[in-house]
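Thanks for coming. I will take a few minutes to walk through one chain, from its overall layout down to a single residue.

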Amino acid sequence: QVRLTESGGGLVQVGGSLRLSCAASGSLSSVNAMAWYRQSPGKEREMVAAISSGGNKYYLRSVEGRFTISGVYGWSTLYLQMTSLKPEDTAMYLCAACDHPLCAPGTYDYWGQGTQVSVSP
């Protein structure tokens, strides 16, 4: 079992920055990848960024170059540094963990409650 708690969301103006944090606890030795997802009303949940135990990173095309995912060794904390924020980045951001041998968007079984990011024009 893995427990995840996000923090760091808030209201920011266009062009601003935020750093999200995800504190993880539990069976972290079984985790092979962690990710940030986001969801806004009326839209499907989408993977924003992911990082594997081997250090490979994935970014949603619309955030590439603006967002950076990083983690503390051992998975105790996951970060998402967000810069040059746009109104379309407004969403609930959720941290997720995968303990499957191969991790893909549908294999993340552990989720936090989320932290709201709102970007004002």
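I begin with the model itself, then go through the strands, the cores and one arginine.

This is a predicted model, in which local features need pLDDT of at least 70 and side-chain atom pairs count only at pLDDT 80 or more, while totals for chains, interfaces and linings use all residues. Residues are numbered from 1 along each chain as its sequence is written, and side-chain values use heavy atoms, with hydrogens and water left out.

The chain has zero helices and 11 strands. Here helices (H or I, at least four residues) and strands (E, at least two) are DSSP runs, numbered from the N terminus. For 121 residues, a compact globule would have a radius of gyration near 14 Å, and the chain agrees with that at 13 Å. That radius is taken over C-alpha atoms, and the globule rule is 2.2 Å times the number of residues to the power 0.38. The C-alpha trace spans about 40 × 30 × 25 Å along its principal axes.

Now the sheet. Four strands form an open sheet in the order β1-β3-β8-β7, with antiparallel pairing. Two strands pair if DSSP finds at least two bridges between them. The edge strands, β1 and β7, each pair on one side only. Between β3 and β8 there are six bridges, and T77 in β8 is the bridge partner of A23.

What about the interior? Of the chain's 121 residues, 43% count as buried, where buried means under 20% relative accessible area, exposed over 50%, and partly exposed in between (1.4 Å probe, protein chains only). A nonpolar core is a set of buried Ala, Val, Leu, Ile, Met, Phe, Trp, Tyr and Cys residues joined through side-chain atoms within 4.5 Å. The largest such core has 31 residues, and L4, M34, W36, L80, M82 and Y93 touch the most other members. Elements giving two or more residues to this core include β1, β3, β7 and β8. A second, separate core has eight residues, among them A50 and Y108.

Last, which loop holds R66? R66 is in the loop between β6 (57-59) and β7 (67-71). R66 counts as buried because its relative accessible area is 11%. Its side chain makes a polar contact of 2.8 Å with that of D89. Such a contact is a pair of N or O atoms within 3.5 Å; within protein, one must be able to donate a hydrogen and the other to accept it, and residues adjacent in sequence count only if both atoms are side-chain atoms.
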